[in-house]
2 protein chains.
Amino acid sequence: MSVSTSSSSSRTLKIGILGFGTFGQFLAKTMIKQGHILQATSRTDHSQLCDQLGISFFRDMRAFVEADNDVILICTSILSLSEVLKSLPLNFVKRPTLIADVLSVKEYPRNVLLQVLPEEMDVLCTHPMFGPESGKDGWKDLTFVFEKVRIRDEETCSSFLQIFESEGCKMLEMSCEEHDKAAAKSQFLTHTIGRVLSEMEIQSTPMNTKGFETLLQVKESSVKNSLDLFSGLFIHNKFAMQELQNLEFALGKVKEKLLKRMEETSLNEPKL
Amino acid sequence: MSVSTSSSSSRTLKIGILGFGTFGQFLAKTMIKQGHILQATSRTDHSQLCDQLGISFFRDMRAFVEADNDVILICTSILSLSEVLKSLPLNFVKRPTLIADVLSVKEYPRNVLLQVLPEEMDVLCTHPMFGPESGKDGWKDLTFVFEKVRIRDEETCSSFLQIFESEGCKMLEMSCEEHDKAAAKSQFLTHTIGRVLSEMEIQSTPMNTKGFETLLQVKESSVKNSLDLFSGLFIHNKFAMQELQNLEFALGKVKEKLLKRMEETSLNEPKL
Ligand SMILES: NC(=O)c1ccc[n+]([C@@H]2O[C@H](COP(=O)([O-])OP(=O)(O)OC[C@H]3O[C@@H](n4cnc5c(N)ncnc54)[C@H](OP(=O)(O)O)[C@@H]3O)[C@@H](O)[C@H]2O)c1
Ligand SMILES: NC(=O)c1ccc[n+]([C@@H]2O[C@H](COP(=O)([O-])OP(=O)(O)OC[C@H]3O[C@@H](n4cnc5c(N)ncnc54)[C@H](OP(=O)(O)O)[C@@H]3O)[C@@H](O)[C@H]2O)c1
């Protein structure tokens with residue numbers, strides 16, 4: 001793992017966004033602000049929004065891949081990745097292109113991309129560790145994780161990374177496996193606790209402590225993300241199951257200690 | 001339940017703190033700043049610290065109760081309440097005194113105090129919903145819950161409440177039972193999750209999301225409180241057990257949903 005601080009030169013890129021949902025749109029706004037040229041395709045027709053943003057929207061996947069992209073940026077849900085890639089007519093991509101993804105798990109897209117992409121395509125796996133909520137006031141000091149899985153065209157790759165570097169992101173190069181290990185213990189756990197609190201329907205009380213206020217926030221932000229995203233974090237990160245078990249086990253331990261203490265207390269407390 | 005905003009007159013009080021641990025010391029500092037006269041007693045010898053603060057410390061409980069207090073403020077742990085009260089020589093209290101407590105559960109001390117105190121003593125049950133951590137920059141806008149359980153000397157009671165009002169606390173009058181119901185769903189739950197995260201030994205990663213950062217905080221602050229305090233929240237709040245069960249149940253539900261989704265996905269995902 002290494003924190004990179006290079007401030008390499010950058011050029012204007014033609015970026016084709018594949019999957020124009022919440023997160024694709026969120027990224028697109030900053031890329032446009034930086035002067036890059038954007039095109040997009042998605043399952044749903046987002047052409048109106050794209051019109052407003054100055055992005056060419058393609059309903060047809062073939063037209064999208066033929067539209068001369070420097071980078072194809074995969075922003076679909078984790079769960080739909082293989083389906084989406086299957087329907088992508090890769091043989092119509094005109095020239096070597098950088099294929100990058102932003103999925104919140106990393107080993108899975110890495111493996112899938114290496115399996116389906118022609119050898120001449122470069123592969124960059126990334127995870128911006130922020131979203132529309134945490135990144136609403138800019139991306140400064142927010143973490144951008146990436147692995148250069150197969151890069152020959154260094155210039156295009158570094159121009160793409162420059163998008164995040166120039167916004168002040170903390171650039172963190174690590175293997176996809178390292179990412180997944182740490183993400184299971186942090187991001188997946190956070191989402192799980194948020195979903196559990198949501199399942200409990202916790203609500204603000206007139207006497208919230210500061211600690212409880214932060215739990216309310218964790219709940220709110222986890223349910224703002226799609227259930228597909230949360231499911232993807234679990235299903236396609238091989239370390240997540242263990243983390244879920246650790247959580248269950250720890251809760252069991254805490255309960256056990258409380259019950260034991262309760263028993264001791266009822267034996268020892270003086271009768272008044 | 002009502003939010004009170006009265007700004008009644010106040011006078012200098014002689015306050016005897018029973019239990020001079022973390023929280024008793026924390027409260028004492030503000031009371032001294034306001035000009036009240038403090039005395040204290042405790043299981044442990046805190047006389048050196050008391051000397052520094054200008055508080056008379058009594059090793060002897062009888063001398064403490066004879067020392068002419070307007071208010072005796074109980075700041076012992078929840079679990080030691082009945083033991084401490086048993087050793088308090090109430091027959092040596094010289095005159096009607098306001099007995100107040102700050103325990104983080106409320107029905108339990110209310111019942112115990114009504115049971116053991118002579119009829120002529122006034123009883124005020126309170127819970128400042130903050131501590132040395134959350135209240136380190138002052139008490140403004142932090143919640144102070146109280147029930148006037150048995151008050152005849154209104155003036156002393158309101159002078160005591162004024163300590164918190166004048167610091168800007170949100171004064172919240174509610175029954176001890178209402179308090180315990182809401183506290184189980186908020187404060188106890190927060191401490192439980194903090195303890196679970198501590199049991200899991202969660203740690204900062206190089207790629208923390210903002211959400212995970214807040215979980216780290218919840219963990220840190222819950223373990224700063226004593227295990228006695230946490231155990232007391234559970235053992236002496238009749239609503240806490242249900243809340244612990246709700247948490248377990250919700251975690252089971254979330255797990256079930258994830259496993260179901262995982263199964264569906266492995267059936268539906270196209271082979272590449
Ligand atoms: N939200 C965040 O904070 C965040 C942060 C970092 C990374 N990410 C990653 O970014 C990606 C997008 O996240 P998101 O927040 O926008 O929500 P998401 O629910 O994970 O993904 C929504 C996107 O997936 C597409 N999609 C879903 N099912 C599909 C299917 N069966 N066939 C084709 N396309 C399908 C949607 O297309 P349509 O819009 O056309 O329906 C939309 O573009 C995910 O991989 C996520 O892990 C998200
Ligand atoms: N900490 C907070 O943020 C906070 C906030 C609101 C309310 N409260 C309440 O304030 C009270 C004190 O809390 P705390 O944080 O100081 O920690 P705690 O562990 O709940 O209580 C420590 C106090 O209890 C005394 N004590 C413990 N066991 C005893 C025993 N067997 N016999 C006699 N005294 C015993 C200690 O005396 P020695 O020091 O003499 O050993 C010390 O004064 C608790 O009822 C708590 O619920 C705490």
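Which of the 28 residues around ligand 2 come nearest? They are Ser42(B), Thr44(B), Thr76(B), Ser104(B) and Ser226(B), where a residue counts as near if one of its heavy atoms lies within 4 Å.

Before I go on, please note that this is a predicted model, in which local features need pLDDT of at least 70 and side-chain atom pairs count only at pLDDT 80 or more, while totals for chains, interfaces and linings use all residues. Residues are numbered from 1 along each chain as its sequence is written, chains are lettered from A and ligands numbered from 1 in the order written, and side-chain values use heavy atoms, with hydrogens and water left out.

Staying with ligand 2, one of its oxygen atoms is 2.8 Å from an N or O atom in the side chain of Arg43(B), and an oxygen atom of the ligand also lies 2.8 Å from a polar side-chain atom of His46(B). The protein covers 88% of the 870 Å² of accessible area that ligand 2 has on its own, by the Shrake-Rupley method with a 1.4 Å probe.

Turning to the rings, there are 22 aromatic pairs over all chains, a pair being Phe, Tyr or Trp rings (for Trp, the six-membered one) with centres within 6.5 Å, called stacked if the planes are under 30 degrees apart, edge-to-face if over 60 and tilted otherwise. Phe144(A) and Phe164(A) are stacked, at 4.0 Å centre to centre and 20 degrees between the planes. Both Phe144(A) and Phe164(A) are buried, that is, under 20% relative accessible area with a 1.4 Å probe and protein chains only. Ring pairs also link Phe144(A) and Phe164(A) into a cluster whose members include Phe23(A) and Trp139(A).

Conventions
A polar contact is a pair of N or O atoms within 3.5 Å; within protein, one must be able to donate a hydrogen and the other to accept it, and residues adjacent in sequence count only if both atoms are side-chain atoms. Buried means under 20% relative accessible area, exposed over 50%, partly exposed in between (1.4 Å probe, protein chains only).
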